[in-house]
Amino acid sequence: MHYAYPPRKSSNPPPYLPRSSRIPTIRRSHLRSIALIILAIFGLVWLFSGGSQHGVHHKMTGKPPVVLVTVFDDNDASVYHRNIRENRVQYAEKHGYGTLITKKSDYDLDGSPASWSKVVAMRHALTKYPDCKYIWYLDQDAYIMNPHLKVEDYVMGASKLESNMLKDLPVVPPDSIIKTFTHLKGEDVEFVLTQDKEGLSSSSFVIKNGDWAKFFLDTWFDPLYRSYNFQKAETHALEHIVQWHPTILSKLVVVPQRIINAYSSNDHGEQYKDGDIAVIFDHCSATGDKSCAKEAERFSQQWRTSFSRA
């Protein structure tokens, strides 16, 4: 029995044949996977190296070097308030500083005491002067007395900080178990303030501009701490957070009171002496014999004379 012959192959094959093998397809899928993995690795390296922040942050120029912040009572049309405003402006102009002079009613404190406005004003200053290096908050009831002293050198200079910082000091005197750091370097300091006889003082302090400053001010103004209704509002809230937040304590320095916060009398803290940068009329009243305006009269001619000779 004979079987049919298989069909003869064509003697004229096409110039090429379509590939039916799955090997190239598999290779292409592998290449895509490898490419995705490589992109993911580069993305993680870029992310953790801080590359994602390049488009958000810019290098600060340090101009102005310092911004001076003071928050006035809403009724600030008196001669006393005009003199304080003039004092701030003259000092700032002499050193090329910026100023932020506002009123307490400029900020929505959501029912919190008006003294909290200093924290919001500091955050406002960071926004208004994003390139500044330092911000000095000084209470309304104070005069700058020595126009020759510059904040960036006299207060925030690294060597000055290291010689002035009070180490291993109870943060809230007299017996807080939380104490200031003993090994902090001057260039690592972000926040400088003082103590008086009652504890930490928030009437005069300096903050270094940067991400830490924003974090600190946002933490300080947190609604949780404002809801505690501390007796001294923002000052007691400050004492609370520096004791419970190592991130804040680790950048904080307490300096002798007269460095930036001398008082006009020694009833509540160290008393002003000639040559100090400022005098604060601590515990003065709105009216009466111990009014802030009367207390200021003792120093008004002195600061004007000093500034005219500078």
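# Close-up views of the predicted model

**View 1. Strands β5 and β6 pair in the antiparallel sense over five bridges.** Two strands count as paired if DSSP finds at least two bridges between them. Helices (H or I, at least four residues) and strands (E, at least two) are DSSP runs, numbered from the N terminus. A friendly note before you zoom in: residues are numbered from 1 along each chain as its sequence is written, and side-chain values use heavy atoms, with hydrogens and water left out. This is a predicted model, in which local features need pLDDT of at least 70 and side-chain atom pairs count only at pLDDT 80 or more, while totals for chains, interfaces and linings use all residues. A hairpin of two residues connects β5 to β6, and Thr194 sits opposite Ser201 of β6. β5 also pairs with β7 (residues 252-254), here in the parallel sense over three bridges, and Leu193 faces Val254 in that strand.

**View 2. Strand β5 is covered on both faces.** All six of the six residues in β5 (191-196) are buried, where buried means under 20% relative accessible area, exposed over 50%, and partly exposed in between (1.4 Å probe, protein chains only). Look for Phe191, Leu193 and Gln195 on one side, and Val192, Thr194 and Asp196 on the other.

View 3. β2 runs parallel to β1, joined by six bridges.

**View 4. Three strands form an open sheet in the order β4-β9-β8.** Strands of a sheet pair through backbone hydrogen bonds, either parallel or antiparallel. The pairing here is mixed, and the edge strands, each pairing on one side only, are β4 and β8. β4 and β9 are antiparallel, with three bridges, and Ala142 stands opposite Ile280 of β9.

**View 5. The largest nonpolar core brings together 43 residues.** Such a core is a set of buried Ala, Val, Leu, Ile, Met, Phe, Trp, Tyr and Cys residues joined through side-chain atoms within 4.5 Å. Tyr91, Trp136, Tyr143, Val151, Val155, Met156 and Val192 have the most contacts inside this core. Elements supplying at least two residues each include β1 (66-72), α2 (79-95), β3 (134-138) and α4 (151-155). The largest share, five residues, comes from α10. Centre the view on Val151 and you will find that it touches Val66, Tyr91, Tyr97, Trp136, Met156 and Val206, leaving aside residues up to four places away in sequence; a contact means heavy atoms within 4.5 Å. A second, separate core has 40 residues, among them Val69, Tyr129, Val171 and Ile241.

**View 6. The largest pocket holds about 880 Å³ of space.** On a 1 Å grid over the protein atoms alone, a pocket is an open set of points with protein on both sides within 12 Å along at least five of seven lines, a cavity is a set of points where a 1.4 Å probe fits but cannot get out, and lining residues have an atom within 4 Å of a point. Grid points are joined across faces, edges and corners, and a volume is the space filled by probe spheres set on the points. Of the 37 lining residues, Asp139, Asp141, Asp282, His283 and Cys284 lie nearest the pocket centre. β6 gives the largest share of the lining, five residues. By class, the lining has twelve nonpolar, 14 polar and eleven charged residues. Here Ala, Val, Leu, Ile, Met, Phe, Trp, Tyr, Cys and Pro count as nonpolar, Asp, Glu, Lys and Arg as charged, and the others, Gly among them, as polar.

**View 7. The largest cavity holds about 40 Å³ of space.** One cavity of 30 Å³ or more is counted. Met165, Leu166, Lys167, Thr180, Phe181, Leu184, Leu252, Val253 and Val254 line the largest cavity, and this lining divides into seven nonpolar, one polar and one charged residues.

**View 8. Asn229 lies in the loop between α7 and α8.** Asn229 is exposed, with a relative accessible area of 62%. Its C-alpha atom is separated by 8.3 Å from that of Ser112, 117 residues apart along the chain.
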